[in-house]
Amino acid sequence: MTLRARILLAVVMLLVILGGAWFYLSRPDVAQLPVEAVAGIKPRITEPRIQNFPTISVASVVGWRNGAKPTPAPGLSVNAFATGLDHPRWLYELPNGDVLVAETNSPPRAAHGIADLVMGMLMKRAGAGVASANRITLLRDTNGDGVADARSVLLSGLSSPFGMALVGDKLFVGNHDALVAFPFKAGQTRITAKPELIVRLPGGGNHWAKNIVPSPDGKLMYVGVGSSTNIAENGMGAENHRANILEVSLTAKTMRIYTAGLRNPVGMAWEPHSQRLWTVVNERDMLGSDLAPDYLTVADFGAFYGWPYTYWGGYVDKRVEDQRPDLLQYTRRPDYALGPHTASLGLAFGSLGAFQDGAFVGQHGSWNRVPVSGYKVVFVPFGANGFPNGPMRDVLTGFLTGDGHAQGRPVGVIARHEGDLLVADDVGNTVWRVSAAR
């Protein structure tokens, strides 16, 4: 065979491979159920459709153009509380009404293979491929008109900061690799002190964000730590102290596992009636567009929710290499499903207009489902017993355009003492304020 013939054969083979790849990727797993069927107290759990290559469907980001903004539910109104931010993901209200916003993103990730390269392309398409600003900005509404008219950089030079909490005269920050604290009093607009290390945390990984919530007495801090991988494909040794909520003693500077088996617990909050800690959790990928549902659940001491071995309280994930059937009898079923692949992140308890006594959840939006899910803020009603008692309802929508592009993506939510709701929109670079319409 001549050299020219060999080159032509190689080209033909390459085209066949590329054509086959295109044929495979152009036929993703399509959902057979609406999101609502895989939500609520008793979601419908179907047979898994295991994927060797993931279904990929990410809404490309176009931003908010020509004065566009999200769509509030009837009886509510929305306005921009702050614009021009750099990837704002998490929010915290100080006692004096100032609002802290973490402008942040993942720490740098090294690409070790095709999966990492694909993940990088997905993040860029979804607007998450930007470098982390690594700062916390203070927003202040000086005249009470619902718009922050003053801002300052409170902290800079952090390491992918996320969760924030004021306890006494210290502001605690969850960096991706450590819980740190700074001396602080409400009213300050700048912190120049060096950080005090409380505990080191496992950093990086697929789930880098570390949210923090203090105990009511201020002696303990609860830290949500997501898994490094989807289903522990690098072994459980790479998941040490991950896929858990950790309990940190702020005086002894020690930590222990509080709640386990949570693939990626991000939003955490104390339910006002029961005074129990709740969390929202991102579940696993590549089981098909209908599985597995993200969820909202109580995070009790010693509870185990199954990751990576099972999902939704006992459905075995056969992809996990080292099975643990001995743990099945100890696995707790989550309290409330939030739909498959919705990327539910934000969590705040409160009331707003017709949405009384329940949980507001920020759903960042899917990448592993056709059609896409999430991309909105929803409300889950709670009863006097401190548990969900009805279907979830839309609070803030319109983050997707009619042709499927993302104008923004909601992340953190806080219910303020002012009686409104603030929503961090990381790719829209805006903090939205939702209030009861006058």
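Which strands each supply at least two residues of the lining of the second largest pocket? The views below are of a predicted model, in which local features need pLDDT of at least 70, side-chain atom pairs count only at pLDDT 80 or more, and totals for chains, interfaces and linings use all residues. Residues are numbered from 1 along each chain as its sequence is written, and side-chain values use heavy atoms, with hydrogens and water left out.

**View 1. Lining of the second largest pocket.** At least two lining residues come from each of β4 (88–93), β8 (164–167), β12 (211–214), β16 (265–270), β22 (344–352) and β26 (410–415). Strands are DSSP runs (E, at least two residues), numbered from the N terminus. The largest share, five residues, belongs to β22.

**View 2. Surroundings of Tyr-309.** Tyr-309 lies in the loop between β18 (293–298) and β19 (310–311). Its relative accessibility is 10%, so Tyr-309 counts as buried (under 20% relative accessible area, 1.4 Å probe, protein chains only). Beyond residues up to four places away in sequence, Tyr-309 touches residues including Met-236, Arg-284, Phe-304 and Leu-327 (contact: heavy atoms within 4.5 Å). The C-alpha atoms of Tyr-309 and Ile-231 are 7.9 Å apart, across 78 residues of chain.

**View 3. The aromatic pair Tyr-222 and Tyr-258.** The ring centres are 4.8 Å apart and the planes meet at 65°, so the pair is edge-to-face (Phe, Tyr and Trp rings, the six-membered one for Trp, pair with centres within 6.5 Å; planes over 60 degrees apart are edge-to-face). Tyr-222 belongs to β13 (residues 220–225) and Tyr-258 to β15 (residues 254–260), 36 residues apart. Tyr-222 is buried at 4% relative accessible area, and Tyr-258 is buried at 13%. Tyr-222, Tyr-258, Trp-270 and Phe-301 make up one aromatic cluster.

How values were computed
Helix = DSSP H or I, 4+ residues; strand = E, 2+ residues; numbered from the N terminus. Buried < 20%, exposed > 50% of the residue type's maximum accessible area, 1.4 Å probe, protein only. Phe/Tyr/Trp six-rings, centres within 6.5 Å; stacked < 30°, edge-to-face > 60°.
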